[in-house]
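Please look over the sequence and the structure shown below before reading the report.

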Amino acid sequence: MQDLLNVCILASIYVLFSLGMSITWGTLGILNFAHGALFMFSAYTAYLVGTAVSVPLIVYVVIAGASGVVLSTLLQLGVFAPILRRAADHRAAETQIIIGGIGVASILVGIAALFTKSLPFGFAVTQQNPVLQFAGLRVSLTGAVILGLAVVISIGTAIWIKRSRTGLALRAIGVDADTSRLMGVDEARLAVGAMAFAGLLGGLAGALLTAHLVTMAPTTGDVFLIKAFAIIVLGGVGSVLGVVVGSLVLALAETYVTLAGYGGWANAVAFGIIFIILLVRPQGIFGRKEVRRA
């Protein structure tokens with residue numbers, strides 16, 4: 001049971017990291033290669049504040065979440081939106097967005113690596129992260145928060161996407177952006193909101209992961225970005241339930257392969273499972289066939 005709890009916590013981190021990225025990719029067609037760097041740099045921003053003044057863990061999390069919102073919004077307004085306006089067609093825009101995201105990611109990782117000398121950084125909150133025990137299980141306070149947030153945010157996001165006017169408008173953009181614009185959907189405003197939401201979740205994930213594992217390296221976001229792509233493609237682009245299931249599959253495979261003594265094969269086995277599933281269902285477990293961007 002303890003191992004299963006650890007799997008759920010790891011999967012919850014993957015959910016927080018991947019969920020916003022999946023939504024922006026599935027609805028706006030924005031494949032954000034800077035998401036991993038934003039995740040890391042948001043935590044690094046909180047770390048810088050913590051080195052200047054002693055703050056509790058909740059402040060680290062709030063600062064990282066706010067940093068993720070700001071960085072992601074600036075990325076949308078300063079990079080992705082201009083590309084979408086000037087590109088000849090959506091295919092050309094997709095390529096330019098990928099290149100722009102890689103460029104921004106390289107800058108953020110470079111800045112963090114320069115000032116940390118490429119060494120891991122962490123929050124001074126060890127004493128604020130007690131280990132809780134119940135029914136023979138052990139979980140840190142941060143681990144419990146990660147698990148709870150992932151559940152609440154996943155359910156809330158699913159309801160928002162399927163029931164709210166803005167969620168339905170985002171889904172309409174994903175199905176047919178031209179028609180949705182003719183119907184009065186403000187794509188530019190929704191794009192900023194969706195990117196800000198993705199940045200918020202990325203920032204929260206970055207801070208919570210740093211607190212949970214004690215440290216984070218400037219390149220940690222790159223590793224998570226690759227895993228997020230696998231999770232999203234496995235579950236189905238734009239699907240909230242798909243992100244949850246994909247995260248659980250990846251976390252389960254990684255954990256039990258590592259426990260079996262084959263830690264070096266964790267990624268290979270996990271991606272092998274994904275490859276097999278995609279051979280059977282290329283659009284992902286909960287993906288939809290014959291759609292353009294959702």
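## The model and its confidence

This is a predicted model, in which local features need pLDDT of at least 70 and side-chain atom pairs count only at pLDDT 80 or more, while totals for chains, interfaces and linings use all residues. Residues are numbered from 1 along each chain as its sequence is written, and side-chain values use heavy atoms, with hydrogens and water left out.

The pLDDT, which is the predictor's confidence in each residue on a scale from 0 to 100, averages 89 over the chain, and 97% of the residues score at least 70. Over residues 290–294, however, pLDDT stays under 50, and the model has 16 contacts beyond four places in sequence for them, a contact meaning heavy atoms within 4.5 Å. Where pLDDT is low, the predicted coordinates should not be read in detail.

Helices (H or I, at least four residues) and strands (E, at least two) are DSSP runs, numbered from the N terminus. Helix α6 spans residues 165–175 and contains Ile173, which counts as buried because its relative accessibility is 0%; buried means under 20% relative accessible area, exposed over 50%, and partly exposed in between (1.4 Å probe, protein chains only).

In α6, the buried residues are Gly167, Ala169, Leu170, Ile173 and Gly174. They lie on the same side of α6 because they cover an arc of only 160° around the axis, the arc being that of the directions from the helix axis to the C-beta atoms. Among the elements that cover these buried residues are α1 (2–28), α5 (141–163), α7 (177–182) and α8 (187–213).

Lys227 belongs to helix α9, residues 220–235, and is buried because its relative accessible area is 12%. When residues up to four places away in sequence are not counted, Lys227 touches Tyr14, Leu250, Glu254, Asn267 and Phe271.

With Tyr14, the side chain of Lys227 also forms a polar contact of 3.1 Å. A polar contact is a pair of N or O atoms within 3.5 Å; within protein, one must be able to donate a hydrogen and the other to accept it, and residues adjacent in sequence count only if both atoms are side-chain atoms.

## Two loop residues with positive phi

Most residues other than glycine have a negative phi. Ser118, although not a glycine, has a positive phi of about 65°; Ser118 lies in the loop between α4 (90–116) and β1 (131–134), and it counts as exposed because its relative accessibility is 52%.

Val214, also not a glycine, has a positive phi of about 80°, and its place is in the loop between α8 and α9.
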